[in-house]
Amino acid sequence: VQLQASGGGLVQAGGSLRLSCAASGRTVAFSRYAMGWFRQAPGKEREFVAAIIWSTGNTHYADSVKGRFTVSRDYGSKTMYLEMNSLKPEDTAKYYCAGDSEGYYRFATMREKYEYWGQGTLVTVSS
């Protein structure tokens with residue numbers, strides 16, 4: 001499975017961005033997946049942001065983004081989105097999408113549970 005993230009850019013604090021993650025390749029059992037968003041700021045560890053169980057659309061968020069970010073998916077096109085509102089300078093990071101091939105029953109917040117990773121897209125929020 002290949003994941004391609006896009007949609008990053010420069011935005012002012014309080015603004016919005018929408019990230020996309022398109023899956024391609026061997027996606028026959030994609031209904032068993034959970035997909036996640038992680039981010040990594042310079043000098044910091046990669047951290048969990050949000051996840052969605054592909055088959056049900058159920059979602060889970062890190063406390064730091066709850067109420068501001070929304071993860072969703074287009075089931076047919078195998079594309080995941082991250083709508084980011086009320087952005088803060090501390091949201092500045094490279095954002096990665098990831099796939100957990102056995103995630104249909106869990107919300108994995110640990111990056112080790114995800115086998116597939118996109119290349120990342122940079123989000124910069126200016127104050």
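**Entry 1. Gln 12**

I started at Gln 12, which touches Val 125 and Ser 126 once residues up to four places away in sequence are set aside. The model I am reading is a predicted one. I placed Gln 12 in strand 2, residues 9–12. Is Gln 12 buried or exposed? Its relative accessible area is 60%, and the cut-off for exposed is over 50%, so Gln 12 is exposed. I also checked Gln 12 against Arg 106: the two are 94 residues apart in sequence, and their C-alpha atoms are 34 Å apart in space.

I traced an open sheet of four strands in the order 1-3-8-7, with antiparallel pairing. Which strands stand at the edges? They are strand 1 (2–6) and strand 7 (69–74); each has a single partner strand, so one side of each lacks a neighbour in the sheet.

I then looked at strand 1 and strand 3 (residues 17–24), which run antiparallel and are joined by five bridges. Ser 6 has Ser 20 of strand 3 as its bridge partner. In a regular strand, side chains alternate between the two faces of the sheet. I sorted the residues of strand 1 by face: Leu 3 and Ala 5 are on the covered face, while Gln 2, Gln 4 and Ser 6 are on the uncovered one.

**Entry 2. Strand 4 and its partners**

I went on to strand 4 and found it mostly covered, with six of its seven residues buried. With strand 5, strand 4 pairs in the antiparallel sense over six bridges. Within strand 5, I found Ala 51 opposite Gly 36. The hairpin of strand 4 and strand 5 has six residues between the strands, and there Gly 43 takes a positive phi near 80 degrees.

I looked up the pairing with strand 9 as well: strand 4 and strand 9 are antiparallel over seven bridges. Trp 37 has Cys 97 in strand 9 as its bridge partner.

**Entry 3. The nonpolar core**

How many residues does the largest nonpolar core have? I noted 36, and those with the most contacts inside this core are Met 35, Trp 37, Met 80, Leu 82, Met 84 and Tyr 95. At least two residues of the core come from each of strand 1, strand 3, strand 4 (34–40), strand 5 (47–53), strand 7, strand 8 (79–84), strand 9 (93–100) and strand 11 (121–126). Strand 5 gives the most, five residues.

I listed the contacts of Tyr 95, leaving out neighbours within four places in sequence. Among them are Leu 19, Trp 37, Phe 38, Val 49, Phe 69, Leu 82, Met 84 and Val 123. Arg 39, Gly 120 and Thr 121 are also in contact with Tyr 95.

**Entry 4. Aromatic pairs**

I turned to the rings, where the count comes to nine aromatic pairs. One of them is Phe 30 with Trp 54, edge-to-face, at 4.9 Å centre to centre and 80 degrees between the planes. The pair links distant parts of the chain, 24 residues apart: Phe 30 is in the loop between strand 3 and strand 4, and Trp 54 is in the loop between strand 5 and strand 6 (59–61). I checked the burial of each partner. Phe 30 counts as buried at 2% relative accessibility, and Trp 54 is buried with a relative accessible area of 2%.

Why do Tyr 104 and Tyr 105 make an edge-to-face pair? Their ring centres are 5.2 Å apart and their planes are at 70 degrees; the cut-off for edge-to-face is over 60. Tyr 104 counts as partly exposed at 37% relative accessibility, and Tyr 105 counts as exposed at 53%.

I also followed a cluster of ring pairs, which links Phe 30, Tyr 33, Trp 54, Tyr 75 and Tyr 116.

**Entry 5. Arg 46**

Last, I looked at the charged end of Arg 46. It sits over the ring of Tyr 96, 3.7 Å from the ring centre. The charged end of Arg 46 also sits over the ring of Trp 117, 5.0 Å from that ring's centre.

Key
Residues numbered from 1 in each chain as written. Heavy atoms only, no water. Pairing = 2+ DSSP bridges. Core = buried A, V, L, I, M, F, W, Y, C linked by side-chain atoms within 4.5 Å. Buried < 20%, exposed > 50% of the residue type's maximum accessible area, 1.4 Å probe, protein only. Contact = heavy atoms within 4.5 Å. Phe/Tyr/Trp six-rings, centres within 6.5 Å; stacked < 30°, edge-to-face > 60°. Lys NZ or Arg CZ within 6 Å of the ring centre and 35° of its normal.
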